[in-house]
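User: I want to learn how to read side-chain contacts in a model. Can we start with charged pairs?

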Amino acid sequence: MDRLDNTIRPYAWGSPTAIPQLLGAEPTGEPQAEMWMGAHPGAPSRTPRGTLVEVIEADPERELGARAVARFGPRLPFLLKILAAGAPLSLQVHPDLEQARAGYADEERRGVPADAPHRNYKDANHKPELICALTEFDGLCGFRDPVQAAGLLDGLGVDSLKPYVDLLHAHPEDAALREVLTAVLTADPEEMAHTVAEATAACSRLGGAYAPYAGIAHHYPGDPGVIAAMLLNHVRLQPGEALYLGAGIPHAYLDGLGVEIMANSDNVLRCGLTPKHIDVPELLRIVRFEPSDPGVLRPEASPEGEEVYETPTDEFRLSRYVLPEGGTARDLTRDTPQILLCTAGTVRTGEHELGPGQSVFVPAGEQAVISGAGIIFRATVVV
């Protein structure tokens with residue numbers, strides 16, 4: 001197995017302290033948003049044998065196993081991250097596999113440059129994802145019941161929001177949600193900025209259920225995404241709890257440190273809380289306009305001590321082991337590729353001793369026995 005040397009991405013929303021604190025390193029003063037573990041070409045992990053992309057390309061069946069190659073092709077189908085949100089990420093959705101393939105083919109056919117700011121589809125893959133909290137973690141996930149959203153907006157006492165309140169009481173629910181989100185994103189920018197300013201003042205004054213939206217508005221003053229965010233469920237995860245985000249579900253991470261795993265894709269359609277391009281027609285085609293419970297996930301423990309976060313996705317499978325002091329060693333050997341990430345304590349696997357934030361890549365079939373006292377997250381695939 002190979003110890004991984006991973007890239008930290010300095011996105012503006014990142015916390016300047018959370019990842020350094022996990023790694024036991026001094027903060028640089030700059031935001032440190034994500035640490036990537038995997039074979040994404042944008043920032044592949046490095047090993048003593050070369051980048052993980054190069055290692056896999058040299059012998060896909062040896063590294064990934066015959067079953068994974070047959071199912072997903074000669075590539076690692078997931079990307080594992082440590083994510084540290086110090087400010088809200090953009091409000092966004094991801095396409096399903098059919099939508100991603102069609103959208104990518106269309107933009108390729110039209111010759112949209114890969115790095116164009118208005119390009120929606122960077123690849124032909126979907127991007128289901130799972131976030132597991134390492135600290136208390138705030139996010140937005142899925143639409144509220146429209147009547148509940150109407151009550152939240154109405155409670156602000158902002159006259160210019162009353163048309164949205166009325167629309168949210170209409171039926172059917174999916175049409176009501178679609179109309180309101182469309183109206184928010186296509187409103188006159190100056191008028192919307194004034195509405196957001198009034199709503200922000202009210203959120204700050206009222207606190208309670210409105211406090212998260214006051215915080216969002218502090219980072220994105222005047223952004224219509226502040227109003228769009230109030231249509232969504234606010235979720236606060238406790239350490240060890242997780243959220244699964246499938247295709248078409250609007251979401252945003254607000255604050256906290258977590259382990260994130262996703263299919264190996266860059267496809268994002270934004271709804272707000274960003275200066276980046278928002279393609280409203282394409283967004284409205286992808287969003288699933290249905291109220292839903294956020295569905296907080298808690299791991300299901302096996303007799304072997306593996307705690308699994310069950311999802312409907314085959315490209316990744318995330319689990320964790322909590323190893324007590326003096327506990328027995330665990331054999332994690334599988335015929336699929338694995339990344340093992342330590343997030344607490346000290347864990348030994350093979351010749352490697354891992355501390356918080358350190359990780360290894362385990363080729364398919366290679367023996368992987370863990371021991372020590374700490375927490376190990378295991379990322380692999382389902383075949």
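Analyst: Side chains of opposite charge can pair when their charged atoms come close. In this predicted model, a search of the whole structure turns up 20 salt bridges.

User: Which residue forms a salt bridge with Arg298?

Analyst: Glu241 does, with the closest N and O atoms 3.0 Å apart. Arg298 sits in the loop between helix 12 and strand 14, and Glu241 in the loop between strand 10 and strand 11, so the pair ties together parts that are 57 residues apart in sequence.

User: Is Glu241 buried or exposed?

Analyst: Buried means under 20% relative accessible area. Glu241 has 14%, so Glu241 counts as buried. Arg298 is exposed, at 55%.

User: How far apart are the closest N and O atoms of Arg288 and Glu290?

Analyst: They are 2.8 Å apart, and the two residues form a salt bridge. Arg288 is partly exposed at 38%. Glu290 is partly exposed at 37%.

User: Which residues are linked in a network of salt bridges?

Analyst: Asp2, Arg49, Arg62 and Glu63 are.

User: Now rings. How many aromatic pairs does the structure hold?

Analyst: Three. One of them is Tyr11 with Trp13, a tilted pair: 5.8 Å centre to centre, 35° between the planes.

User: What angle lies between the planes of Phe143 and Phe289?

Analyst: The angle is 20°. Planes under 30 degrees apart count as stacked, so this pair is stacked, at 5.6 Å centre to centre. Phe143 is buried, and so is Phe289.

User: Where does Arg9 lie relative to Trp36?

Analyst: Arg9 lies over the face of Trp36, 4.6 Å from the ring centre.

Definitions and conventions
Residues numbered from 1 in each chain as written. Predicted model: local features only at pLDDT ≥ 70, side-chain atom pairs only at ≥ 80, totals over all residues. Heavy atoms only, no water. Phe/Tyr/Trp six-rings, centres within 6.5 Å; stacked < 30°, edge-to-face > 60°. Buried < 20%, exposed > 50% of the residue type's maximum accessible area, 1.4 Å probe, protein only. Lys NZ or Arg CZ within 6 Å of the ring centre and 35° of its normal. Salt bridge = Lys/Arg side-chain N within 4 Å of Asp/Glu carboxyl O. Helix = DSSP H or I, 4+ residues; strand = E, 2+ residues; numbered from the N terminus.
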